[in-house]
Amino acid sequence: MLVLSLVFFGIALILFWSGNRQKRESGLPPGKVVSLDLHDDQRPQTPLFSRKHLLTGKPDYLIRHGKEWIPVEVKTVQAIQQPYEAHRLQLFAYCLLVEEQYGVRPRCGYLHYRRRSPTEKDSITFQIEFSEGMKKRLLELLERMRQAEQSGDVPRSHQEAARCRACGYAAICDQKL
Ligand code: SF4
């Protein structure tokens with residue numbers, strides 16, 4: 001019986017150590033990780049919604065750190081040196097939604113890039129500041145997008161053939177590269 005207890009204790013210790021190591025290596029900050037895809041006791045599973053900005057979305061994770069909720073977006077890429085601008089803006093939009101939902105502006109969010117590789121060592125996390133200046137920039141961009149949408153004439157805004165190849169609208173798009 002004693003031997004069995006020791007075995008269970010050893011397994012629990014290994015799992016605890018392994019979980020902590022994975023979290024350390026992920027580069028994410030301390031705090032309770034809440035997945036929006038899995039049910040959390042107090043939070044709905046539905047996406048965040050801003051009535052004020054008419055915006056909706058759901059980050060992959062929220063990390064609760066005191067009164068602050070910090071969004072984390074996970075991307076899978078071939079290789080990465082710096083976060084893509086589009087990903088930064090997407091993260092800023094989540095920060096805005098979080099601010100409206102919980103009443104506290106997160107100071108930052110995290111972009112976690114997983115390389116197409118089975119080892120966690122091949123992942124990298126960037127902490128992205130969400131200052132008042134970033135928020136202003138995001139709101140200006142949202143306004144420009146609304147104006148463009150109303151004008152009905154929205155030309156392609158990139159020169160990336162790879163993006164068009166992976167795009168679900170390529171079959172019907174007259175501007176694909
Ligand atoms: S196929 Fe058209 S909609 Fe898709 S990324 Fe290219 S330009 Fe944009």
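Q: How many helices and strands are in the chain?
A: The chain has 4 helices and 7 strands. Bear in mind that the model is predicted.

Q: What pattern do they follow along the sequence?
A: The order is α-β-β-β-β-β-α-β-β-α-α.

Q: What share of the residues counts as buried?
A: Of the 177 residues in the chain, 14% are buried.

Q: And the contacts, what percentage join residues at least 24 apart?
A: That is 56%, taken among contacts between residues at least 6 apart in sequence.

Q: Switching to the core. Which residues have the most contacts inside the largest nonpolar one?
A: Phe92 and Cys95, in a core of 19 residues. Two or more residues each come from strand S4 (61–65), strand S5 (68–77), helix H2 (85–102) and strand S6 (108–115).

Q: Which element gives the most to this core?
A: H2 does, with 8 residues.

Q: What does Cys95 touch, leaving out residues up to four places away in sequence?
A: Cys95 touches Pro71, Pro106, Gly109 and Phe130.

Q: Why does H3 lie largely in the open?
A: Because the number buried is 1 of its 20 residues.

Q: What comes just after H3?
A: Gly152, which takes a positive phi of about 80°.

Terms used:
Residues numbered from 1 in each chain as written. Predicted model: local features only at pLDDT ≥ 70, side-chain atom pairs only at ≥ 80, totals over all residues. Buried ≥ 20, exposed ≤ 12 C-beta atoms within 10 Å, placed from the backbone. Contact = placed C-beta atoms within 7 Å. Core = buried A, V, L, I, M, F, W, Y, C linked by C-beta atoms within 7 Å.
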